[in-house]
Amino acid sequence: MIDSLGNVQSVLLVGGTSEIGQAILERLAQGGRLQRIVLLGRNESALEQTAEAWRDRGLQTQVIMADLRGELDVPVLTGRCFDDGDIDVVVLAAGITPDETAATDPQVARDVAMVNFVSQMQLGTEIVQRLRLQGHGALVVLSSVAGERPRADNYVYGATKVGLDAWANGLADALAEEPLRVLVVRPGMVRTRMSAGHKEAPFTCDPEDVAEAVAKNLRSGPVTVWVPAQLRYFMSGLRHTPRPVFRRLSSMR
C-alpha cells in the first residue's frame, strides 16, 4: 500500500519494456520502499533482461507474457498479475507508433488499435475491479497530445489515443467517490526509441519528465496532467485552430 509519505511498494507495468514506463518505475523506486514489480508484455527476451536488472537491485520482479494485438483471457491474465498480493500502482504504458502503412493496411490499423486502446481498456476494466477488492490503488494511463487533435500523418495513432483518453477520463469520474486514483498523462513528443529519427516537435521532453509528473500527481491533484505543463495552453489554442490552418501547420513539422 502507498504509505503516508507517498512511497509505492508494488507496481504493475503494462508495456513492460516501455522506456517511459521504466522511467516511472525508476522514479517510484527513489522512495526506497518499492519491493515488487510485475512486467507485462510480449517480447520475452527484452522483458526478462529488464526483470533481471530489477532483480539485481533486490526487487521481486515477475514477467507475464501477453500479446496485446490478439485476444486476451483478461480475467486469467489479470489474476496472474495479482497472484502475489496487492498492487499499489498500475501503469498502462503499452503502445505502437505506426508508420504510414497504418493508413492503408487494415491489419496494421487493427494492431495499433488493439495495443494502444482496446486491450488496455479491457485489462484496465478488470484491473479496476481488482483494485476495488483490495480497497486501494492508482491507475496511471499514458495518453498523448496526439489524441487532442490527430494530424493527417498520424491520425490512426491519434484515434487510438482519443479512445484511451476518453475511457480513462470517464473512468476517473466514475470512481470519484471511491478510494482509487486515476491519473491521465498527456505528454507531447518524448525522446524514446519510438520517436528516434523523427524531427522533434515543440515541447519535446524526456521519459524522466513524464515520470516526474506521475510522481508529483500520483496521490492528488488534477486527473489529467500535461507534460510539459505549458502544452495545455498550446493545445487549447491548437484545438480551435481552423482546419485549413491546422493542416498547414501540421505539414510544416
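Tutor: The model shown here is predicted, and the questions below go from the whole chain to its parts.

Student: How many helices and strands does the protein have?

Tutor: The protein has 253 residues, and 51% of them are buried. Its secondary structure is made up of eight helices and seven strands.

Student: Among the contacts with a separation of 6 or more, what share comes from residues 24 or more positions apart?

Tutor: A contact here means heavy atoms within 4.5 Å. Of the contacts with a separation of 6 or more, the share from residues 24 or more positions apart is 71%.

Student: Is strand β2 enclosed or open, and how many of its residues are buried?

Tutor: Strand β2 covers residues 36-41. Arg 36, Val 38 and Leu 40 point one way from this strand, while Ile 37, Leu 39 and Gly 41 point the other way. In a regular strand, side chains alternate between the two faces of the sheet. Strand β2 is largely enclosed by the rest of the structure, because the number of its residues that are buried is six of six.

Student: Which residue of β2 is the bridge partner of Val 14?

Tutor: Strand β1, residues 10-14, pairs with β2 in the parallel sense over five bridges. Within β2, the bridge partner of Val 14 is Leu 40.

Student: Through which helix does the chain cross from β1 to β2?

Tutor: The path from β1 to β2 is a β-α-β crossover, and it is right-handed. The helix through which the chain crosses is α1.

Student: Which residue in β3 stands opposite Ile 37?

Tutor: Strands β2 and β3 run parallel and are joined by six bridges, with β3 covering residues 60-65. Together with helix α2, residues 44-55, these two strands make a right-handed β-α-β unit. The residue in β3 opposite Ile 37 is Thr 61.

Student: How many residues of strand β6 are buried?

Tutor: Strand β6 spans residues 181-187 and is mostly covered. Arg 181, Leu 183, Val 185 and Pro 187 point one way, Val 182, Val 184 and Arg 186 point the other way, and all are buried. The number of buried residues in β6 is therefore seven of seven, each being under 20% relative accessible area.

Student: Which residue in β6 stands opposite Leu 142?

Tutor: Strands β5 and β6 pair in the parallel sense over five bridges. With α5, they make a right-handed β-α-β unit. The residue in β6 opposite Leu 142 is Val 185.

Student: Which residue in β7 stands opposite Arg 186?

Tutor: Strand β7, residues 224-227, runs parallel to β6, and four bridges join the two. The residue in β7 opposite Arg 186 is Trp 226.

Student: Why are the buried residues of α6 said to lie on the same side, and what arc do they cover?

Tutor: In helix α6, residues 207-217, the buried residues are Pro 207, Val 210, Ala 211, Ala 213, Val 214 and Asn 217. They lie on the same side of α6 because the arc they cover around the axis is only 160°.

Student: Against which elements do the buried residues of α6 pack?

Tutor: On the other side of α6, Glu 208 and Lys 216 are exposed. The buried residues of α6 pack against α1, β5, β6 and β7.

Student: Is Ser 144 buried or exposed, and what is its relative accessibility?

Tutor: Ser 144 is found in the loop between β5 and α5. Leaving out residues up to four places away in sequence, Ser 144 touches Tyr 157, Lys 161, Val 185, Arg 186 and Pro 187. A residue counts as buried under 20%, so Ser 144 is buried, with a relative accessibility of 8%.

Student: How far does the backbone nitrogen of Ala 146 lie from a polar atom of the side chain of Ser 144?

Tutor: A polar contact requires N or O atoms within 3.5 Å. For the backbone nitrogen of Ala 146 and a polar side-chain atom of Ser 144, the distance is 2.9 Å.

Student: With which residues is Thr 204 in contact, leaving aside its neighbours within four places in sequence?

Tutor: Thr 204 has its place in the loop between β6 and α6. Thr 204 is buried, its relative accessible area being 14%. Neighbours within four places in sequence aside, the contacts of Thr 204 are Met 189 and Arg 191.

Key: Residues numbered from 1 in each chain as written. Predicted model: local features only at pLDDT ≥ 70, side-chain atom pairs only at ≥ 80, totals over all residues. Heavy atoms only, no water. Buried < 20%, exposed > 50% of the residue type's maximum accessible area, 1.4 Å probe, protein only. Polar contact = N/O pair within 3.5 Å; in protein donor to acceptor, adjacent residues only side chain to side chain. Pairing = 2+ DSSP bridges. Right-handed = clockwise from strand over helix to strand, strands pointing away. Arc of directions from axis to C-beta.
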